[in-house]
Amino acid sequence: MSVDTPRRIVLLRHAKADWPQVSDHERPLAERGRKDAPVAGRRLAETGITFDLALCSTAARTRETWKLAVHELPQRPRTVYEERLYEASPGEIIALLNETPEDVNDLLVIGHNPGMHAVADALAGQADGDTVARMNRGGFPTSAFAVIGFSGSWKSVEHGVGTLLSYWAPHD
């Protein structure tokens, strides 16, 4: 792969979770989340991106979001359930991105806030149109996703390296 290889990172926040008497890690999706996750999957499919790899937090709500969303995609990517995504800081998420194999061009990350929003904001050195303003105004709600494009090696992913190509939230 060339250092100019175009790549995309899609950061998807899990769908709306419920608050039963279980540990935070085991919280399931709420009814609204079970409705929104397939919608997010359809919108991901509409981007035309064929994901080479999906990294998904091990929390119940992210696994359930992915299970509902992936059925809407034309092709199921290889999926790795990554416990380091649970409660990950932006720096920890970027470190995970840096570990991505070089044969991956398009990566989907299913995780949590505030990490998903912070990483989208941090990586976006540039943006198409008003996407950054819309993302920041909306606060990256559940089921939202941001698409960030960059060129180069995964090891080169750092603050400001990318362009925020698009942002979508289910109840905008």
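Predicted model: local features only at pLDDT ≥ 70, side-chain atom pairs only at ≥ 80, totals over all residues.
1. Helices H3 (residues 90-98) and H4 (residues 115-123) pack against each other at an angle of about 70°, and their axes lie 9 Å apart. H3 is therefore roughly perpendicular to H4. The crossing of the two helices, H3 and H4, is right-handed.

2. On the H3 side, the residues in this contact are Pro 90, Ile 93, Ile 94 and Leu 97; on the H4 side they are Gly 115, Met 116, Ala 118, Val 119 and Leu 123. Sorted by class, the contact of H3 with H4 has 8 nonpolar residues, 1 polar residue and no charged ones.

3. Across the whole structure, 12 salt bridges are found. One of them joins Arg 7 to Glu 102, with the closest N and O atoms 2.8 Å apart. This pair links distant parts of the chain: Arg 7 belongs to strand E1 (residues 6-13), Glu 102 to the loop between H3 and strand E4 (106-111), and they are 95 residues apart. Arg 7 counts as buried because its relative accessibility is 2%, whereas Glu 102, at 26%, is partly exposed.

4. Arg 27 and Asp 24 also form a salt bridge through their side chains, at 3.1 Å from N to O. Arg 27 is buried, with a relative accessible area of 7%, while Asp 24 is partly exposed at 28%. Both residues belong to a network of salt bridges that links Asp 24, Arg 27 and Arg 61.

5. A further salt bridge brings together the side chains of Arg 134 and Asp 130, at 3.4 Å from N to O. Here Arg 134 is partly exposed, with a relative accessible area of 25%, and Asp 130 is partly exposed at 44%.

How values were computed
Residues numbered from 1 in each chain as written. Heavy atoms only, no water. Axes fitted to C-alpha atoms, helices over the stretch in contact; angles between N-to-C directions. Helix = DSSP H or I, 4+ residues; strand = E, 2+ residues; numbered from the N terminus. Parallel < 35°, antiparallel > 145°, perpendicular 65-115°, else oblique. Left-handed = near helix turned anticlockwise from the far one by under 90°. Contact = heavy atoms within 4.5 Å. Nonpolar A, V, L, I, M, F, W, Y, C, P; charged D, E, K, R; others polar. Salt bridge = Lys/Arg side-chain N within 4 Å of Asp/Glu carboxyl O. Buried < 20%, exposed > 50% of the residue type's maximum accessible area, 1.4 Å probe, protein only.
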